[in-house]
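Walk through this structure with me, one feature at a time.

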Amino acid sequence: MKKIWLPLGFIALVLLLAVGLQLNPREVPSPLVGKPAPPFELPLLHAPDKRFSQKEMLGKVWVLNVWASWCPPCLAEHPIVTELSKKVPVVGLNYKDAREDALPWLKRNGDPYQLSVYDAAGRIGIEYGVYGVPETYVIDQRGVIRYKHIGPLTPQVREKKLEPLVRELQARG
Amino acid sequence: MARILVFFLVILSVKAFGQDPDLDKRVAALATELRCLVCQNQTLADSNAPLAVDLRNQIREQMKAGKSERDVIDFMVARYGDFVLYRPPFKASTLALWASPFLILLGGVWLLARRIRGRRIEEPQLSQEERARAAKLLE
């Protein structure tokens with residue numbers, strides 16, 4: 001009876017570590033999911049004199065993608081964002097970037113965004129709880145955040161998570 | 001030359017630290033309570049990641065506008081979640097975190113107690129002859 005406890009405890013420890021060590025500490029659950037998308041009104045990246053507010057997207061399912069030209073993972077996920085933009089409007093939040101870097105970056109890599117807003121100081125980034133660029137939000141017709149992905153998108157995330165969610169939300173109307 | 005340098009250093013440091021030592025102290029104190037989400041094992045006070053700098057400025061701005069420590073903490077938690085708190089709050093979802101050290105301690109005490117109680121001190125057994133010898137010696 002006594003002998004069984006030691007290996008049992010050991011197995012429990014191994015299981016705990018096996019699960020715990022495979023979790024990604026960077027994936028902090030966002031308290032914003034299920035809440036209205038924080039309001040903003042920012043100048044456009046392409047046209048500094050024009051402004052855009054998240055309100056203009058009410059009634060549509062859309063994706064907010066936080067990106068910057070200085071961020072290598074943003075370049076890595078760029079083809080996936082491009083693919084995604086064929087299914088759902090994607091708005092870019094150009095985060096703590098400089099226009100003279102961001103615009104050539106889009107020219108070089110293609111511009112999948114319906115438009116990009118320019119958040120040079122990163123203030124709206126703070127409102128959205130951004131801490132690792134890129135980040136991606138799915139927002140529904142009522143302007144509620146339904147999903148947040150931190151870090152570069154992968155083909156799996158796009159196929160298994162984002163697109164099904166977008167389809168479901170669009171169908172709900 | 002040296003004078004000019006000192007002059008500039010003084011100007012710079014005044015600019016960097018602001019002119020309100022009380023506010024600086026409160027900002028610094030609160031920054032040690034909040035986690036930098038970029039370098040996760042550092043507080044906002046320790047980290048020099050750009051986001052940590054932004055968030056420290058955010059704290060300063062809000063406090064300057066008259067917000068309390070509680071208000072600023074609520075602002076951060078609303079955006080970054082409980083994870084931003086360097087000392088996690090005690091609630092249902094963190095029960096395991098707070099309780100497990102004490103449970104493990106209790107388990108250890110229980111094991112130890114069982115072991116100690118199970119230990120038996122053997123009473124010396126004397127043979128017939130030894131008893132006889134002892135009786136003789138004690139007479």
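Is Glu159(A) buried, partly exposed or exposed? Glu159(A) counts as partly exposed, because its relative accessibility is 43%.

A word on the basis. This is a predicted model, in which local features need pLDDT of at least 70 and side-chain atom pairs count only at pLDDT 80 or more, while totals for chains, interfaces and linings use all residues. Residues are numbered from 1 along each chain as its sequence is written, chains are lettered from A and ligands numbered from 1 in the order in which they are written, and side-chain values use heavy atoms, with hydrogens and water left out.

Glu159(A) meets Arg158(A) in a salt bridge of 3.6 Å, N to O. Such a bridge is a side-chain nitrogen of Lys or Arg within 4 Å of a carboxyl oxygen of Asp or Glu. Arg158(A) counts as buried, because its relative accessibility is 12%. Arg158(A) also forms a salt bridge with Glu163(A), with the closest N and O atoms 2.7 Å apart. Both Arg158(A) and Glu163(A) are buried. Shared partners join Lys87(A), Arg158(A), Glu159(A) and Glu163(A) into one salt-bridge network.

Over all chains, the structure holds 16 salt bridges. One of them pairs Arg123(A) with Glu61(B) at 2.7 Å, N to O. Arg123(A) lies in helix 4 (residues 123–127) of chain A and Glu61(B) in helix 3 (residues 50–64) of chain B, so the pair joins two chains. Helices here are DSSP runs (H or I, at least four residues), numbered from the N terminus. Arg123(A) is partly exposed at 41% relative accessibility. Glu61(B) is partly exposed too, at 40%.

A search of the whole structure finds one cavity of 30 Å³ or more. A cavity is a set of points on a 1 Å grid over the protein atoms alone where a 1.4 Å probe fits but cannot get out; lining residues have an atom within 4 Å of a point. The largest cavity holds about 40 Å³ of space. Its lining includes Pro29(A), Tyr131(A), Leu37(B) and Arg79(B).

Last, the surface. Phe10(A), Ile11(A), Val14(A) and Leu15(A) form a nonpolar patch with about 410 Å² of accessible area together. Patch residues have over 30% relative accessible area and no salt bridge, and nonpolar side chains are joined within 5 Å. Phe10(A) sits in helix 1 (residues 2–20) of chain A. Phe10(A) counts as exposed, at 56% relative accessibility.

Terms used. Patch = residues over 30% accessible without salt bridge, like charges linked within 9 Å, V, L, I, M, F, W, Y side chains within 5 Å. Areas by Shrake-Rupley, 256 points an atom, 1.4 Å probe, with all protein chains shown as cover. Buried < 20%, exposed > 50% of the residue type's maximum accessible area, 1.4 Å probe, protein only. 1 Å grid on protein atoms, 1.4 Å probe; cavity = no way out; pocket = protein on both sides within 12 Å on 5 of 7 lines; lining within 4 Å. Points joined across faces, edges and corners; volume = space filled by probe spheres on them.
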